There are 2 protein chains.
Amino acid sequence: MSFTSVWLREPRKPSGPGRSREEIVAAAVELLDQEGLDGLSMRKLGARLSAGATSLYWYVATKDELLELAYDQVWGEMAVVDPDEVGWRDALSALAHSMRQVILRHPWSGDLIGRLPALGPNALHVADRMRRMFKAAGFEGSVIDFASSTLTAYVFGMTIPEIAWNAAMGQTRYDADEMRATVRKAAADFPEMLESVDLDVYEDPQAVRELCFDFGLVSVLDGLERRLAT
Amino acid sequence: MSFTSVWLREPRKPSGPGRSREEIVAAAVELLDQEGLDGLSMRKLGARLSAGATSLYWYVATKDELLELAYDQVWGEMAVVDPDEVGWRDALSALAHSMRQVILRHPWSGDLIGRLPALGPNALHVADRMRRMFKAAGFEGSVIDFASSTLTAYVFGMTIPEIAWNAAMGQTRYDADEMRATVRKAAADFPEMLESVDLDVYEDPQAVRELCFDFGLVSVLDGLERRLAT
DNA sequence: AAACCACTCGCACGGTGTACGAGGATCGTC
DNA sequence: GACGATCCTCGTACACCGTGCGAGTGGTTT
């Protein structure tokens with residue numbers, strides 16, 4: 001079996017007092033946040049740490065490995081609450097919202113979801129907590145995994161295209177009228193669509209996306225809860 | 001507003017009898033299927049069409065534009081059925097399965113979901129059909145859009161990490177015992193997880209993913225259906 | 001014949017990841 | 001103090017990338 005991943009290697013180097021893996025990963029996350037996935041290059045990262053580009057290869061086998069580490073860092077930001085304190089539904093709901101916020105804060109991580117399996121310690125931690133929540137809800141056996149996958153899928157699937165949308169909008173100021181005109185033109189071939197689509201949506205797209213996310217989240221949780229009542 | 005996208009430009013060139021945009025896009029999809037997103041380069045694509053690398057730039061403004069075109073090609077493969085014939089639930093279920101299959105067949109498209117908004121004619125067609133299905137179910141106004149987003153999100157979110165998993169597995173033959181050992185080691189710090197996780201899962205991961213997808217799909221549809229009963 | 005046009009493509013530029021091997025710094029042991 | 005060994009840095013080099021530019025080619029129109 002190949003399956004090369006940082007997480008399956010021998011324990012890391014003890015790391016002396018100089019540069020450390022953690023420091024490098026932190027700088028990478030910073031650079032990724034500022035310049036996106038394409039903005040991260042070993043040379044730029046090296047410069048930011050006042051080091052040569054190839055010096056980093058002492059701490060990290062490859063750029064992909066660095067991305068694996070940065071990706072798990074993101075998972076570490078997701079906030080879990082104890083289901084015993086707020087109830088499983090609220091706990092899951094809060095976790096879902098947190099996941100969305102974290103991904104939107106680090107848009108580059110959306111690109112990595114389809115490329116790297118989430119095997120880092122932080123990702124496993126989150127997965128473990130979500131499992132507990134579903135267990136607290138009354139799920140058992142492999143259904144716990146199915147339910148977790150379903151909720152995670154919903155959050156990712158809702159958030160990832162949101163990133164694309166934000167990126168396409170770019171830095172230009174948003175103009176509701178102009179956007180409406182664009183949509184009207186783009187969807188000219190679909191009269192039914194235009195007829196029922198609510199063009200007021202483009203007045204405050206941020207708020208609508210929030211609304212949409214909540215709608216879907218409630219629906220998914222309802223659907224999952226229904227599996228309990230057999 | 002910037003928002004540069006192929007779809008918002010003036011109608012395409014008439015395209016004479018020689019090389020055509022369609023031909024180039026088709027070759028690009030073929031290359032992407034064979035070598036993945038990183039495997040597509042203008043030089044390789046040019047060679048495949050026995051053309052110079054930069055010749056393609058006559059038909060396509062930029063590589064990103066080519067990707068937009070290829071991406072929409074994928075949307076064109078998704079199969080829609082008429083909700084009047086099979087009922088809205090079956091129609092949506094079939095569409096969801098089709099979307100998953102198509103994305104798995106073109107794994108590179110998973111990476112594009114987070115980068116390009118789905119604005120091509122084929123994507124709009126699918127969106128329009130899904131809207132009709134939800135309309136046939138009884139949804140109204142912007143709730144149609146919310147429900148569509150929710151279902152699409154579920155399908156994407158379930159499928160995209162599946163791509164990552166397939167990619168990580170690589171070409172090496174799958175060994176259930178070895179995989180179990182790896183998982184046991186990776187999850188050593190999460191005793192609860194190991195205790196309830198079903199290790200038989202690794203006997204036939206393909207079948208389990210299928211099962212998981214169906215479970216989530218039924219749940220999502222149930223949750224959405226519940227929104228109808230106000 | 002001349003002018004225009006649609007189209008092709010070689011070259012060059014500035015970027016990328018990273019293999020390699022020569023160096024420097026620091027430490028343990030004699 | 002001397003001398004390896006080990007840890008760590010990094011300049012150079014290679015193969016590749018997207019694509020701007022401008023020269024060239026062939027067919028059609030005037």
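Among the elements of chain A, helix α10 (residues 191-196) has the lowest mean pLDDT, at 71, while helix α5 (residues 88-105) of chain A has the highest, at 98. These scores matter here since the structure is a predicted model. Chain A as a whole averages a pLDDT of 90, and 92% of its residues score at least 70.

Next, the two chains. Chain B can be laid on chain A by a rotation of 180° with 0.0 Å of shift along the axis, and the RMSD comes out at 0.1 Å. The two copies are thus related as by a two-fold rotation axis.

Where do the copies meet? The contact takes 64 residues from chain B and 64 residues from chain A. On the side of chain B that touches chain A, at least two residues each come from α6 (107-113), α7 (121-137), α8 (142-169), α9 (176-186), α10 (191-196) and α11 (205-228) of chain B. It's α8(B) that gives the most to this side, with 21 residues. Sorted by class, the residues on this side of chain B split into 34 nonpolar, 17 polar and 13 charged.

Now for a look inside a single chain. Chain A is divided into domain 1 (6-75) and domain 2 (83-228). Taken over C-alpha atoms, the centres of these two domains of chain A are 29 Å apart. Their contact takes eleven residues from domain 1 of chain A and 15 residues from domain 2 of chain A. On the domain 1 side of that contact, α1 (21-39) and α3 (63-75) of chain A each supply at least two residues. Here α3(A) gives the most, with six residues. By class, this side of domain 1 of chain A has seven nonpolar, one polar and three charged residues.

In soluble globular proteins, nonpolar side chains tend to be buried together. In this model the largest nonpolar core has 115 residues. The residues with the most contacts inside this core are A:Ala28, A:Ala70 and A:Tyr154, along with B:Ala28, B:Ala70 and B:Tyr154. Which residues does A:Ala70 touch, not counting those up to four places away in sequence? They're A:Val25, A:Ala28, A:Val29 and A:Leu32.

Technical notes
Residues numbered from 1 in each chain as written. Chains lettered and ligands numbered in written order. Predicted model: local features only at pLDDT ≥ 70, side-chain atom pairs only at ≥ 80, totals over all residues. Least-squares fit on C-alpha atoms with pLDDT ≥ 70 in both. Contact = placed C-beta atoms within 7 Å. Helix = DSSP H or I, 4+ residues; strand = E, 2+ residues; numbered from the N terminus. Nonpolar A, V, L, I, M, F, W, Y, C, P; charged D, E, K, R; others polar. Domains from an automatic or database assignment. Core = buried A, V, L, I, M, F, W, Y, C linked by C-beta atoms within 7 Å. Buried ≥ 20, exposed ≤ 12 C-beta atoms within 10 Å, placed from the backbone. pLDDT = per-residue confidence, 0-100.
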